[in-house]
Amino acid sequence: MRKPLGGLICILLILAIATISWKPAEINKHNIDFKKAFSARELLEKYVSNVYESAHLQGSGLELDVFNKAVTGFMNLKATNKLPQTSSILTVVDLTKSSHEKRMWIIDMINDELLINTWVSHGHGSGDDMATSFSNKIDSHQSSLGFYITDDVYYGKNGRSLRLDGMDAGFNSNARERAIVVHGADYVGENAIGQIGRLGRSYGCPAVSPEVSDKVIDIIKNKTVMFINGNDHRYNSKFLDQGLAASYVFPGTNSSVIASL
């Protein structure tokens, strides 16, 4: 059974207190309340940074700002009860990177552990090696940006597959109708890169190598978050509200910074 998220946060708070440069005597003298000394947003930033470092995500190629956006959405989906409170797996897909890079990360947010870092395809309507165009339209064959929640496993024309529900209206909300799912595909992996210098492309699905597809699906199925990032100035999401995310993770903290967002 996984540890509750609250337990991890308590540990992080203790560690953060221990690293503060103030002397313990000064803290006692002035009777400083730690949670009031920092804004919720500052604590959230510390939390994200701690997970990022503990899971060695920088070395795997995941950018901190992308991870920060993914975690913000992860927390907001919990805060709005669209995601089970016990859900602890976060998947990040960064389509600002070349298809021959491993641009999918599956992270255990409770144990601060990178579980899988692998290749993932984008839609052939989005571009060749780089994904440059994105759409929510039916039959666009383009990738859709934003936050998704995984659902059930089924067997379709691409074999064992995992359904996704898009959470961002106007950006990925047609995922079900478009059959945007996670599945294995022979055009994803080292062989494809060796043959054509990049991955093959899907109809918009985040397809993975058949060698890891079952493992990926088993880890992220049944209500976990996937965030697909890309270069599109039009993209926006209510789940990127840092104030709400911070208040959810650290309730009762100083809200002066949050109020100014």
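The second largest pocket of this predicted model holds about 220 Å³ of space. A pocket here is an open set of points on a 1 Å grid over the protein atoms alone, with protein on both sides within 12 Å along at least five of seven lines, where a 1.4 Å probe fits; lining residues have an atom within 4 Å of a point. Volume is the space filled by probe spheres set on the points, with grid points joined across faces, edges and corners. The lining of this second largest pocket consists of 15 residues, and Val 188, Gly 189, Glu 190, Ser 209 and Glu 211 lie nearest its centre. Two or more lining residues come from each of strand 3 (113–118), helix 8 (190–196) and helix 9 (210–220). By class, the lining of the second largest pocket has six nonpolar, five polar and four charged residues. In this scheme Ala, Val, Leu, Ile, Met, Phe, Trp, Tyr, Cys and Pro are nonpolar, Asp, Glu, Lys and Arg are charged, and the others, Gly among them, are polar.

Residues are numbered from 1 along each chain as its sequence is written, and side-chain values use heavy atoms, with hydrogens and water left out.

Strand 4 (146–156) and strand 6 (181–183) each give at least two residues to the lining of the largest pocket, which divides into eight nonpolar, six polar and four charged residues.

Turning to the fold, the protein chain contains eleven helices and seven strands, taken as DSSP runs numbered from the N terminus (H or I, at least four residues, for helices; E, at least two, for strands). Of the 261 residues in the chain, 51% are buried, meaning under 20% relative accessible area with a 1.4 Å probe and protein chains only, whereas exposed means over 50% and partly exposed lies in between. Among contacts (heavy atoms within 4.5 Å) between residues at least 6 apart in sequence, 63% join residues at least 24 apart.

The axes of helix 4 (residues 40–54) and helix 10 (residues 242–249) come within 8 Å and cross at roughly 80°, so helix 4 is roughly perpendicular to helix 10, a label covering angles of 65 to 115 degrees. Ala 40, Arg 41 and Leu 44 of helix 4 meet Gln 242, Ala 245, Ala 246, Ser 247 and Val 249 of helix 10. This contact has five nonpolar, two polar and one charged residues. Axes are lines fitted to C-alpha atoms, for helices over the stretch in contact, and angles run from 0 to 180 degrees between N-to-C directions.

Several loop residues complete the picture. Ala 185 sits in the loop between strand 6 and helix 8 and is buried at 5% relative accessibility. Beyond its neighbours within four places in sequence, Ala 185 contacts Ala 207, Val 208, Ser 209 and Pro 210. His 56, in the loop between helix 4 and helix 5 (57–60), has a positive phi of about 55° although it is not a glycine, and is exposed at 60% relative accessibility. Asp 112, also not a glycine, has a positive phi of about 50°; Asp 112 lies in the loop between strand 2 (104–108) and strand 3 and is buried, with a relative accessible area of 13%.

Terms used
Predicted model: local features only at pLDDT ≥ 70, side-chain atom pairs only at ≥ 80, totals over all residues. Parallel < 35°, antiparallel > 145°, perpendicular 65-115°, else oblique.
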